[in-house]
Amino acid sequence: MIGQAIADGLLTGAIISLGAIGVSLSLQILRFANFSHAELLTWGAYLALTFVSFATAGASLGPFSFGWGLLAAVGLAAAGTALLALIVDALVFSRLRSQGAHPLTLVFASFGAALILRNLVLLLWGPEAHYYTTELQIAIEVLPNVRMLPDQIFVLALACVVVLALHLFLRFSRLGMAMRAMAESPALARVCGVETDKVVRWTWIVSGALAAAAGVFSGLTVQLRPEMGFNLLLSLFTAAILGGGGSLIGAVIGGLAVGLSESLSVLAIPTGYKAAVPFLLLLLVLFFRPQGLFGAEERS
Amino acid sequence: MTSPILSARNVVAGYAPGLPIVHDVSADVSPGEIVTIIGPNGAGKSTFLKAIAGLVRFEGGDVQLAGRDVSGLPAHEMVRVGIGFVPQTGNIFTSLSIHENLVLGGHSLGASDLKRGLERAYGLSPFLAQRRSSLGRVLSGGQRQMLAVARALMTNPSVIMLDEPTAGLAPRVVGEVFADLRRLAESGVAVLMVEQNARAALRVSDRGYVLAEGRNRLDGKAADLLADAAVGEAFLGGGRRAS
């Protein structure tokens with residue numbers, strides 16, 4: 001029972017982590033709480049749905065419910081969502097930044113952008129639930145008394161690969177280093193020759209692509225609905241705040257903590273209260289460790 | 001004296017549009033020379049350097065670097081044309097390692113120039129070489145200043161500007177920082193700095209400018225400014241002066 005809850009929590013947590021990384025990047029580099037980030041998850045999921053519907057119905061891969069079409073669609077949706085994030089920035093946020101707007105103004109603007117993005121999804125794809133495939137899957141026993149669907153194992157593995165790739169990118173590439181530098185001090189980064197506009201663009205690209213991955217994974221393991229991103233919004237922010245402003249690893253561990261606490265809570269409290277757990281976690285963090293778990297110290 | 005490599009004329013600059021802090025400041029610096037800008041708090045010394053570096057609003061004036069007009073270029077362009085800047089606060093990235101700080105200093109360089117720059121920096125400072133994976137935050141004030149200068153030198157600039165390089169440093173370390181700057185100037189780099197620690201700074205400098213209320217007040221040879229009774233009374237505070 002507890003093993004199953006941990007497996008479910010890790011899966012939800014991995015998806016939340018991918019989204020929370022984007023929230024954390026905008027908090028650190030763009031310096032505002034982007035409430036429209038969750039809508040990028042929705043958009044990523046629906047863009048992938050559109051690409052899948054264009055793809056020829058290929059045979060499903062091995063034990064998975066999907067074929068190559070969906071894998072290609074994930075890539076295309078990541079590119080499309082990154083582009084969407086850049087468009088929203090050009091239309092909304094970059095204009096406000098160039099006017100020297102207060103960070104709170106950007107936060108409110110992001111609420112507006114979120115409403116528009118969410119309702120565009122509703123307009124384009126309708127309110128009903130969608131699925132990538134209708135294939136039925138049989139859960140396999142990965143550990144004694146722990147069952148997971150092949151798709152879920154795939155999502156978990158791919159999320160790990162994505163996080164590892166991003167970690168290596170931020171740690172070792174010169175662009176990744178510039179992103180970390182700008183998170184600490186934009187002025188000093190500029191003095192070093194870092195073109196901050198370019199770093200801002202790449203921040204949107206990376207967070208948009210990760211949001212798309214999170215959206216598709218969420219759609220694959222649950223279903224697609226116009227409010228799917230919005231429903232994850234609180235979890236994303238909790239994970240990012242829990243992780244602290246410091247690091248990518250913080251957002252990932254924050255995401256896993258949120259996922260695990262949701263699924264483990266079901267063992268102790270009625271399922272109906274599950275959605276309140278991230279709220280509680282957020283309150284506890286803000287009370288006792290407002291800088292986040294990784295806010296004070298950082299990895300070397 | 002050789003002709004100035006950096007020449008700033010009638011610079012007007014500030015943080016908000018139409019509210020300049022620097023009203024009309026001019027300064028020159030030649031290769032191999034240390035020039036110090038002194039003046040009371042709020043005189044616009046730091047803002048003047050930041051205006052040249054492209055960090056604040058450049059509202060008027062003319063900045064020439066080796067005969068090229070570089071007035072109002074954005075900060076990331078300034079480093080490419082050969083002006084290095086070491087800010088006063090937050091002069092290094094504390095969440096990054098020494099090595100990463102230096103790599104960022106060479107952000108505008110290609111891979112082979114970056115490699116050469118790193119070799120040069122590590123060759124000049126065994127300390128940085130030994131501690132290359134240490135995070136910036138564990139360094140002392142003097143070590144941070146050393147790293148900040150090494151970072152700014154990664155691009156081999158012809159001019160290096162420093163905003164209060166000795167602020168908050170222990171007196172013994174202050175001497176070391178100034179000695180390093182002297183060696184740097186002797187290698188042919190033009191050094192332009194702003195200092196609260198005016199007396200000590202003028203002692204290592206060739207020339208100095210005194211600013212007040214965003215305008216040039218006095219300038220001359222550093223030794224003359226040190227000897228000038230009026231400067232001493234108004235800006236050097238007679239004896240020791242807290243920075």
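A:Asn145 counts as exposed, because there are 11 C-beta neighbours inside 10 Å and the cut-off for exposed is 12 or fewer. This is a predicted model, so please keep that in mind throughout. Where does A:Asn145 sit? The residue is in the loop between β1 (140-143) and β2 (146-148) of chain A. A:Asn145 is not a glycine, yet its phi is positive, at about 65°.

One more backbone note, back in chain A. A:Arg31 takes a positive phi of about 60°, and its place is just after α1(A). That helix covers residues 2-30. At 1.5 Å a residue, its 29 residues should span 42 Å, and the end C-alpha atoms are 39 Å apart, which agrees. As for burial, 23 of the 29 residues in α1(A) are buried, so the helix is mostly covered by the criterion of 20 or more neighbours.

Now chain A as a whole. The chain has eleven helices and two strands. Reading from the N terminus, the order is α-α-α-α-β-β-α-α-α-α-α-α-α. The radius of gyration of chain A is 19 Å, and the globule rule gives 19 Å for 300 residues, so the chain is as compact as a globular protein of that length. Along the principal axes, the C-alpha trace of chain A spans about 55 × 45 × 35 Å. Of the 300 residues in chain A, 49% are buried. Taking contacts in chain A with a separation of 6 or more, 75% are between residues 24 or more positions apart.

Next, helix packing, with one pair from each chain. Two packed helices are described by the angle between their axes and the distance between the axes.

In chain A, take helix α10 (residues 248-268) and helix α11 (residues 277-288): their axes come within 9 Å and cross at roughly 125°. That angle makes α10(A) oblique to α11(A). The crossing is right-handed. On the α10(A) side the residues are A:Val258, A:Ser261, A:Glu262 and A:Ser265, and they meet A:Val277, A:Pro278 and A:Leu281 in α11(A).

In chain B, helix α6 (residues 141-152) and helix α7 (residues 171-186) have axes that come within 10 Å and cross at roughly 15°. Which means α6(B) is roughly parallel to α7(B). This crossing of α6(B) and α7(B) is right-handed. B:Gly141, B:Gly142, B:Gln145 and B:Val149 in α6(B) meet B:Val173, B:Glu176, B:Val177 and B:Asp180 in α7(B).

Last, the interface. How many residues of chain A are in contact with chain B? There are 17 on the chain A side, in contact with 21 residues of chain B. On the side of chain A that touches chain B, the elements giving two or more residues are α6 (174-184) and α7 (186-191) of chain A. Of the elements there, α6(A) gives the most, with six residues.

That is what I have; I'll take comments now.

Notes. Residues numbered from 1 in each chain as written. Chains lettered and ligands numbered in written order. Predicted model: local features only at pLDDT ≥ 70, side-chain atom pairs only at ≥ 80, totals over all residues. Helix = DSSP H or I, 4+ residues; strand = E, 2+ residues; numbered from the N terminus. Rg over C-alpha atoms; globule rule 2.2 N^0.38 Å. Contact = placed C-beta atoms within 7 Å. Expected span 1.5 Å × (residues − 1). Axes fitted to C-alpha atoms, helices over the stretch in contact; angles between N-to-C directions. Parallel < 35°, antiparallel > 145°, perpendicular 65-115°, else oblique. Left-handed = near helix turned anticlockwise from the far one by under 90°.
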